[in-house]
Each structure stands twice: as C-alpha cells, then as structure tokens.
Amino acid sequence: MKSPLEAPDKQIVEETSAKIEKPAAAVIDTSKMAKGQREALELAEAARDPLEDRGSFASNLFVGRYDFDRIYPYPAQSAEDRAAGEEFLQKLESYLREHVDPDEIDRTGEIPPENFKGLAEIGAFGIKVPKKYGGLGLSQCNYGRAAVLLGSWDENVAALVSAHQSIGVAQPLLLFGTEEQKQKYLPRVAGGEISAFALTETHAGSDPATMSLRAEPSPDGSEFVLNGEKLWCTNGVKAGVLVVMAR
Ligand SMILES: Cc1cc2nc3c(=O)[nH]c(=O)nc-3n(C[C@H](O)[C@H](O)[C@H](O)COP(=O)(O)OP(=O)(O)OC[C@H]3O[C@@H](n4cnc5c(N)ncnc54)[C@H](O)[C@@H]3O)c2cc1C
C-alpha cells in the first residue's frame with residue numbers, strides 16, 4: 001500500500017511529521033479465481049513499486065527531496081527504435097496536415113467522423129498494441145513522439161488518441177489483461193473502436209477510495225451490473241468499450 005506522500009518511509013519519518021501506516025494484510029481471495037484471472041492479479045500486485053524505491057521525482061519534491069537520479073541521465077531513444085517509428089510518424093504528420101482542421105474542430109466542438117476513420121486506417125488507435133493483436137507494435141518512446149506530434153497540431157485529437165490507448169482499454173489490458181481479454185478487445189481498440197476510462201465521480205477524484213459505483217455480479221454470473229454515476233470521462237460519448245473503476 002502506498003503512503004499518500006509517495007516517498008520512502010525512512011524519508012517520510014526523517015523529513016515530515018507524517019505517521020507511517022502499516023500495509024494492510026492481503027484482502028483479495030484468489031483461491032476461487034480462474035488461472036488467467038489469478039495470474040493477471042498477481043502481475044498487477046507485483047507491478048507495485050518496491051517500498052524503498054517508490055515515488056517519482058515530482059512527488060519527492062513535496063517532501064523536500066531533489067532526487068535527480070530519478071530523471072538523469074535523460075533516456076535516449078536508440079537509432080533502431082527511432083527508425084521503427086519513422087514510417088508511422090510520417091504518415092501521421094501527413095494525415096494531420098492534410099485532413100485535420102484544428103480551427104474547425106474548436107469551432108464546432110466535434111472531431112469529424114472521417115477523422116476517426118482516417119486515424120484508424122493509419123493505425124493511430126493501436127500504436128503500442130503488438131502486431132499479433134492488430135496494432136503497430138511500436139515502443140513507448142515512439143508513442144510519446146506521436147503524442148508530441150498530435151499535441152502540436154490539435155489538442156482535441158491528441159486527447160482522443162491518447163486517452164483511448166493510455167488510460168482507455170489498451171494499456172491496462174497490455175499490462176494486466178488475461179490472454180483471453182487481449183484477444184477479445186485489443187484488435188477492436190487497435191482497429192478504431194474508441195475506448196475510455198471511467199474513474200471520477202462527484203465525490204471521487206484524486207482519492208479513488210471514496211468512489212461509490214458498484215459492480216454486482218448477475219445471478220447467473222454471466223455479467224456485472226454497474227450501479228452509480230461517473231463524470232469527466234474523456235471519449236465517454238464516443239466509446240464502445242470502457243475501463244470502469246468500481247467497488
Ligand atoms: C481534461 C480532463 C479530462 C479528464 N478525463 C478523465 C477521464 O477520462 N476519466 C476519469 O475518470 N476522470 C477524468 N478526469 C477527471 C480527473 O481525473 C479528476 O479531475 C482528478 O482525478 C482530480 O479529481 P477532482 O477534480 O475531483 O479533484 P479533487 O480530488 O477534489 O482535488 C482537488 C484539489 O485538491 C488536491 N488534493 C486532493 N487530495 C489531496 C491530498 N491527499 N493531498 C494533497 N492535495 C490533495 C488536488 O491535487 C487538487 O488540487 C478528467 C479531468 C480533466 C480536467
């Protein structure tokens with residue numbers, strides 16, 4: 001469990017008056033889960049930062065620590081990886097210049113349907129999705145270059161494309177999904193079915209523990225029924241698939 005201050009315990013004790021909470025015992029019973037589900041959960045748990053290594057450069061600033069080792073040396077992209085992204089980035093740049101009119105999008109408040117189609121055709125909705133699931137299979141660094149390019153042209157399209165595959169369905173599934181989930185959803189999102197992420201509620205934002213939306217299994221166990229309300233869901237009105245945070 002992370003401390004709200006997101007810095008190593010020793011540092012918090014030395015530099016602040018905050019009390020360190022002991023991590024709670026595991027509360028998730030994995031014994032009745034299917035093998036794939038259990039493995040996905042274990043992977044997610046293992047991905048938590050180790051106790052002594054947690055915290056980013058920025059979060060450490062809040063406890064007065066300037067840990068430049070966390071940001072230097074600035075990681076350089078290899079020539080090989082850069083070359084792998086070049087073809088897509090050139091296509092993306094040409095597409096934006098020729099087909100996306102940022103002023104028109106700002107005026108109308110709508111991204112035209114043909115832009116959704118055109119971006120899907122060049123693979124912009126599955127940049128990091130592996131080729132075997134229908135994506136481009138590019139690296140995080142090339143994804144970052146695409147985000148810079150999109151942001152330099154139109155912030156609306158940048159938000160559409162990035163929310164879709166960073167907080168939307170693609171990235172959580174790539175990191176923690178079962179093989180069955182990946183095969184079912186990744187080709188859909190890489191092909192242009194828009195995805196979104198629903199966490200925020202009226203009384204839950206920075207602190208997701210206060211959220212109240214519930215997911216109840218149906219009596220026959222075939223689906224979950226969601227009861228509650230979400231807001232500020234980027235891509236929400238366009239999405240065919242969503243990641244929904246629920247109790
Ligand atoms: C453009 C945009 C797109 C968004 N897209 C999505 C989306 O796709 N899906 C989604 O679920 N949500 C989305 N959100 C919502 C966003 O995630 C929330 O705004 C965010 O989680 C903060 O929640 P809040 O606005 O309720 O602020 P609060 O949580 O009420 O925070 C208010 C202020 O208090 C500070 N604060 C809160 N807790 C602490 C603390 N413990 N210690 C110190 N300071 C604290 C915060 O930093 C902030 O300054 C979007 C928001 C914006 C602006």
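Reply: Let's start with the pairing itself: strand β2 (residues 214-217) and strand β3 (residues 224-227) run antiparallel and share four bridges. For two strands to pair, DSSP has to find at least two bridges between them. Strands here are DSSP runs of E with at least two residues, numbered from the N terminus.

A quick word on the model: it is predicted, so local features need pLDDT of at least 70 and side-chain atom pairs count only at pLDDT 80 or more, while totals for chains, interfaces and linings use all residues. Residues are numbered from 1 along each chain as its sequence is written, and side-chain values use heavy atoms, leaving out hydrogens and water.

Now on to the loop between β3 and β4 (241-244), where you'll find Trp232. Trp232 isn't a glycine, yet its phi is positive, at about 55 degrees. Trp232 is also exposed, with a relative accessible area of 73%. Asn235 lies in the loop between β3 and β4 too. Asn235 is another non-glycine with a positive phi, this time about 75 degrees. Asn235, though, is buried, at a relative accessible area of 12%. Those words have cut-offs: buried is under 20% relative accessible area, exposed is over 50%, and partly exposed is in between, using a 1.4 Å probe and protein chains only.
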